[in-house]
Amino acid sequence: MEDEGENSNGVLVLETFFDCTTQEAADAVNDILTSRLHQFEHTALTEVPALAAEKGLTPAQAAAIAAYTKGLQDWQSGGHEWHLRSSRYMNQGAVPASPWQHLTGPGTSAADVGALLAAAAAERLRAYSHVPFQQVGPSLLPDFHMPYEVELNPHLDAARPRLAAWMHGTGMLSEGVWDEDRLAASDLVLCAAGLDPDAGPGELDLSAQWLAWGTYADDYYPRCFGTRRDLAGARLATARLSACMPLAGEPVPVPATGMERGLTDLWARTTAGMSPEDRLALRQSVDRMTESWLWEMSNELQHRIPDPVDYLEMRRSTFGSDLTLSLARRGHGPAIPAEVYRSGPVRSLENAAIDYGMLVNDVFSYQKEIQYEGELHNAVLVVQNFFGVDYPTALHVVHDLMTQRMQQFEHVVASELPVVYDDFELPAEAREAVDAYVRDLQNWMAGILNWHRRVDRYKADHLARRAHGFVPDRPPLAPSLPVA
């Protein structure tokens, strides 16, 4: 790497982020590699056999998967052996271990992080030993780096009662998960108004309803299935939700829950006039989100906190990022060629925006999730667990990661998108469409942060009030779903 002047290297990334020595960064990468290997073993031995049984695979098919798994094991061990024996990468004078001291870089700003990078064996034990429902106090909020001004849709106030009426009409306020107080505390119209400040009344309603449906469903899974440890019921619910989104006129199951009624209505109105390709992309984005909630539930049942790589990869799905991007792209039509969306700079731009938004959520929701819900899926907790540090230290790491994701977004806009325009020889119309898409992403990040700052959903007094019995009319949880 040094000889070639390369800067895309995991050791260099951690060395720069934590401002530590090369050996210390290498040790950290080794801890991550070890954790990933543990994840591979866990998946191969527990999750894959269960999936094969669930899908009803034949013995021959199960054997083929086992052979493929063995091939992946051989690939890993063979690559490891080659790197050890080959002279291509040999470094003279390597140090076997390091005490991890004097870390002062951006990833550890304003924090004492001498114990930040601990041994992987200790991390593996911690991953299964977290004590839920710990008293953590109000979420600590850092000084967020936000270079874009939030602009709110002028139809905001008029849209709030329309969203409440729609939620009542679907039945999502009568299943014991949400009530009007919880809906008001979430104020998803405010979120939609920041994400799409130029939308007309109908478009704003649709955007707010999608946000309300997704937030409600995200609350519904742990409440209705997690408390009963009913992974089978959650899988059935996920399959039924997918069936509520027909691609070519397939029959839709009769809705059994408010969640299904809401999705059936949203799908019909959103996809009217949509091309088959866009319809498929939208359905796949919803499927990825709901299926990722099964991953969360599986971890909850095993009492397992994921490692940082596993978490960040899956968090983009659990946060509904694909759904958000699918809906955002819909407004720009064919003016932006598909190959531009697939280009590295645009994907980097989208991922930076998504990561910023989902980490904002984790910072604000820390008390709600850790203290009141016993949740394991929060970036701050993941950093605490993996590195063995306290809450303030982990928050500093997450905050610095957020800041650098925003700076990456700004860098792509300023330096990489002009090159994309030239490389693809985009006409003026396409360049204007990409610029408008960038503004959509900027509005999305600014709107997400503004929403978290203003709503009661994550505030300490609201959480305490709900926890001490304020639920006006708590009906029973939704009944078990019929088999489709």
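Is glutamine 209 buried or exposed? In this predicted model, glutamine 209 is buried, with a relative accessible area of 6%. The legends below take up this residue and three further close-up views.

**Figure 1. Glutamine 209 in helix α8.** Helix α8 spans residues 201-226, and glutamine 209 has its place within this helix. With residues up to four places away in sequence left out, glutamine 209 touches Leu163, Trp166, Leu266 and Arg269. The relative accessible area of glutamine 209 is 6% and the limit for a buried residue is under 20%, so this glutamine counts as buried.

**Figure 2. The packing of helix α17 against helix α18.** Helix α17 comprises residues 379-387, and helix α18 comprises residues 391-423. The two helices pack at an angle of about 115°, and their axes are 8 Å apart. The crossing of α17 and α18 is right-handed. On the α17 side, the residues of the contact are Ala379, Val380, Val383 and Gln384. These meet Tyr391, Ala394, Leu395, Val397 and Val398 of α18. By class, the residues of this contact are 8 nonpolar and 1 polar, with no charged residue.

**Figure 3. Valine 380 in helix α17.** Valine 380 is buried, and its relative accessible area is 0%. Not counting residues up to four places away in sequence, valine 380 touches Tyr366, Tyr391, Ala394, Leu395 and Val398. Among the residues touched, alanine 394 stands 14 residues from valine 380 along the chain. The C-alpha atoms of valine 380 and alanine 394 are separated by 5.5 Å.

**Figure 4. The largest cavity and its lining.** Rolling a probe the size of a water molecule over the atoms shows where empty space is left. In this model, the count comes to 1 cavity of 30 Å³ or more. About 40 Å³ of space lies in the largest cavity. The lining of the largest cavity is formed by Ile336, Val340, Tyr341, Val346, Leu349, Val434, Tyr437 and Val438. The elements that give two or more residues to this lining are α14 (338-341), α15 (344-364) and α19 (428-454). Of the elements, α19 gives the most to the lining, with 3 residues. By class, the lining has 8 nonpolar residues, and neither polar nor charged residues are present in it.

Note on methods: Residues numbered from 1 in each chain as written. Predicted model: local features only at pLDDT ≥ 70, side-chain atom pairs only at ≥ 80, totals over all residues. Heavy atoms only, no water. 1 Å grid on protein atoms, 1.4 Å probe; cavity = no way out; pocket = protein on both sides within 12 Å on 5 of 7 lines; lining within 4 Å. Points joined across faces, edges and corners; volume = space filled by probe spheres on them. Helix = DSSP H or I, 4+ residues; strand = E, 2+ residues; numbered from the N terminus. Nonpolar A, V, L, I, M, F, W, Y, C, P; charged D, E, K, R; others polar. Buried < 20%, exposed > 50% of the residue type's maximum accessible area, 1.4 Å probe, protein only. Contact = heavy atoms within 4.5 Å. Axes fitted to C-alpha atoms, helices over the stretch in contact; angles between N-to-C directions. Left-handed = near helix turned anticlockwise from the far one by under 90°.
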